[in-house]
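Please keep the structure open while going through them.

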Protein chains: 2
Amino acid sequence: MTDTFSWQLAVFASKAITPGPLVRRVAALSMLDWLSVGLAGVGQPVARATRALALAEGGAKGGAEQAHIFGTTTGVPARMAALVNGATSHALDYDDTHFAHIGHPSVAVIPAALALGEVQGASMAQVTEAALMGMELSIRVGLWLGRAHYGAGFHQTATAGAFGAGAAAGRMLGLDAGQMMQVLGLVATRAAGLRAQFGTDGKPYNAGLAASGGVEAAQLVALGLVANPQALEGPSGFGATHHGEGNVAKALDGLGKVWHFEQVSHKFHACCHGLHAALEAARELDVAAPEVAEMTVATNPRWMDVCNKPAPESGLEAKFSYRTVLAMQAFGYDTGQLDSYSTRVISDPRLVDLRQKIKVVADAAVPETGTRLTVLRRDGATLEAVHDLATPMELPQREDRVRAKAVGLIGEDLVERAWACLMDDTLAARFASLLQVDPDVLQGT
Amino acid sequence: MTDTFSWQLAVFASKAITPGPLVRRVAALSMLDWLSVGLAGVGQPVARATRALALAEGGAKGGAEQAHIFGTTTGVPARMAALVNGATSHALDYDDTHFAHIGHPSVAVIPAALALGEVQGASMAQVTEAALMGMELSIRVGLWLGRAHYGAGFHQTATAGAFGAGAAAGRMLGLDAGQMMQVLGLVATRAAGLRAQFGTDGKPYNAGLAASGGVEAAQLVALGLVANPQALEGPSGFGATHHGEGNVAKALDGLGKVWHFEQVSHKFHACCHGLHAALEAARELDVAAPEVAEMTVATNPRWMDVCNKPAPESGLEAKFSYRTVLAMQAFGYDTGQLDSYSTRVISDPRLVDLRQKIKVVADAAVPETGTRLTVLRRDGATLEAVHDLATPMELPQREDRVRAKAVGLIGEDLVERAWACLMDDTLAARFASLLQVDPDVLQGT
């Protein structure tokens, strides 16, 4: 049993870990980024619906106010807080992405660690460490599940994410490696989430599902529930039933020493991450709409069924449309601003007209994190730009852009208060209390 | 859209239905059976763990006491009640089974209907009708997913069951067909449950997962959440990603007129349903342990990896072992009694010795619901019995056996009170209040 995949993960999840200063800093940036996109998302339908359910269930009536949720001063049970905060922070699709397995680590894992961190009276450093461990573990499980799993239709944010959430939750509860095996085994029977939900409220709901499922599994194991500890990789386990590739060596390579999380990619455009390389390339070329005769974006084939909606009809759908976001940018809309993605903007006849001039082609030679953009200008000149998101961004630049994005979303004051919590190692509850800002107050920032 | 599988199901789930008197009576028997196995299960680990979590979350501290749960007087939110009651009622693996898709309809669906029935102030007739519709729908979805889905490793009780739970919950909330499509779409992204959990607390947890997932999905749709309404059968939907067969004609055949639920099989032995035909055949032959020289049970190959544990080490594992239960019966243990399945009983050296003389063979000619049992007696005589659970039991006999089983589990008084609720059409809350019997009190019955 000690040589199994689950056991290796369980040991990593329960023992002391030694992340270096760089990855710790990246984790802190992800906590700030997560807070800012979550607060900015409190008005979204999935945030409103899950918050209303949580408040109807108990918080508002004086039930166990264990943890804070986005957008209200009322606390709710930890498991429910994870659901609301996971769904809310993914509502805008503006949170971080990891391309190794293609998933959003923060939204599934941070809510689980933070909610139980509050319950346990943990410090912010403990929560950040548990979240970092859980996010790394979710990436490792995601690598193990592989592209076959994603390709079959599963949303790694939700599936791999649930294992990371369970591990982070288990760590906050002080579970040992044997119990952590149980958590992974129990999560295996409930981890779920389909890419078929992309473009609907079901996508952010998937993130909340992963976070709350992880919390529930860890809590039940702590209460004595016994599952099949081999249900992740054993016969008829999660991998076998969910089209997993099962490359253990690849998934465990360097575990505990190498932190894949360091390569997490923060979003600076408020749309599907598959569109970002193209937008960065377009910024580089800087061709205004009236000058465009024709535009061709070459992208990796895997994005074609993810974010190539040719003629979106809603702001949400527009976030999954190459043609629309490139046209928006050419017309000078700031693709980093949330209100740019409105029905009014995307149905502007001039924009619809430009959209017709943009061609999206699949090219297997283009990496999944890259793009090749070609613009034929009306004056006959042809411009080309190549951009790859995998090209690492230096830490200072990354920090500047994450903070600038956060300030744009939630204002200078909140950003400073959040950053102070992250740097001074106060109680996790102090950071969590920043979630409770009233949505109406936030509108004014 | 109106010709899709989901739409047909959504219409069935939301419109008036006309079940005949026989299936209504069978549904009432299942409600009684569900109550009795649930109450008998309150001391099981999965019941204790889920109940403790529910009470810690809110009920005990005055949160929303929306619905009753097994084994405590404190009410909890409906979604949580569905989790606790689903897991608790499946804890003993003694609830009903439907062999068309191989699933336990009651434990996934009744808790969802009952919990929201309490919230809505519904009558018992309304709850029974919603539960019957939901159980029928779960069987239909199970037929659509088919044996490929089950064979791949999925627990239909949990997967198909979640759709039935969602539909029953949606009906209690008065959702229309369009909203019901949304419920099915949202359930599609969270329906889960692995057969790899068989023999652990994870199996009954799967039932609670289905019930609570259905409630949560229906509540969120009622609160405005919008999912992909085609996520059940559409591209990269639940069926496509979960090894579904997708035979729509078979699944919808006679929907609304033919009630497959009528064929549900109640359990009269407190072990895995795959063992029951063999036990019935052994009762028929009635050969006592000292007379047995050799025993051979021929069973359908599909059961070989489900309930053929050759040498179980716990009472729970024994419930999945042909050799053990047949040896128990030959030694005169009542396989209908819960306390027969103890470590003490199964490790009795005489029983272990007899176990060695019992051979289990796969035979594709034996139906899944049947068995062929051959006993070579010490006196040289060979006896053979064939039994098939699919041979319908007449209603009066079924009613007698279900009631006798319930009386054995929870006592005459509770059975009479429950039956009165079911027949007199009182408020659902009155029936639900029977769940709150204290486990310690129950021990005395």
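1. In which loop of chain B is Asp93(B) found? Bearing in mind that this is a predicted model, the residue sits in the loop between α4 (78-90) and α5 of chain B. Its phi is near 55°, a positive value in a residue other than glycine, and Asp93(B) is buried, since 25 other C-beta atoms lie within 10 Å, where 20 or more are required.

2. Is Asp425(B) buried or exposed? Asp425(B) counts as exposed because it has 12 C-beta neighbours inside 10 Å, and the limit for that class is 12 or fewer.

3. Turning to helix packing, the axes of α5 (residues 105-120) and α6 (residues 124-152) of chain B come within 9 Å and cross at roughly 145°, and the crossing is right-handed. The residues that make this contact include Pro105(B), Val109(B), Ala112(B), Ala113(B) and Gly117(B) on the α5(B) side, and Val127(B), Ala130(B), Ala131(B), Gly134(B) and Ile139(B) on the α6(B) side. By type, the residues of the contact divide into twelve nonpolar, five polar and no charged.

4. The largest nonpolar core has 294 residues, and those with the most contacts inside it are Ala112, Ala113 and Ala168 of chain A together with Ala112, Ala113 and Ala168 of chain B.

5. As to how the chains meet, 52 residues of chain B are in contact with 52 residues of chain A. On the side of chain B that touches chain A, the elements giving two or more residues are α3 (45-57), α8 (177-188), α9 (202-222) and α10 (238-241), and the largest share, eight residues, comes from α3(B). The residues of this side divide into 27 nonpolar, 19 polar and six charged.

6. What rotation superposes chain B on chain A? A rotation of 180°, with 0.0 Å of shift along its axis, does so with an RMSD of 0.1 Å, and that is the relation of a two-fold axis. The same surface serves both copies, as 100% of the contact residues of chain B recur in chain A.

Terms used. Residues are numbered from 1 along each chain as its sequence is written. Chains are lettered from A and ligands numbered from 1 in the order in which they are written. This is a predicted model: local features need pLDDT of at least 70, side-chain atom pairs count only at pLDDT 80 or more; totals for chains, interfaces and linings use all residues. A nonpolar core is a set of buried Ala, Val, Leu, Ile, Met, Phe, Trp, Tyr and Cys residues joined through C-beta atoms within 7 Å. Copies are superposed by least squares on the C-alpha atoms of residues with pLDDT of at least 70 in both. Two residues are in contact if their C-beta atoms, placed from the backbone, lie within 7 Å. Axes are lines fitted to C-alpha atoms, for helices over the stretch in contact, and angles run from 0 to 180 degrees between N-to-C directions. Helices (H or I, at least four residues) and strands (E, at least two) are DSSP runs, numbered from the N terminus. A crossing is left-handed if the near helix is turned anticlockwise from the far one by less than a right angle, and right-handed if clockwise. Ala, Val, Leu, Ile, Met, Phe, Trp, Tyr, Cys and Pro count as nonpolar, Asp, Glu, Lys and Arg as charged, and the others, Gly among them, as polar.
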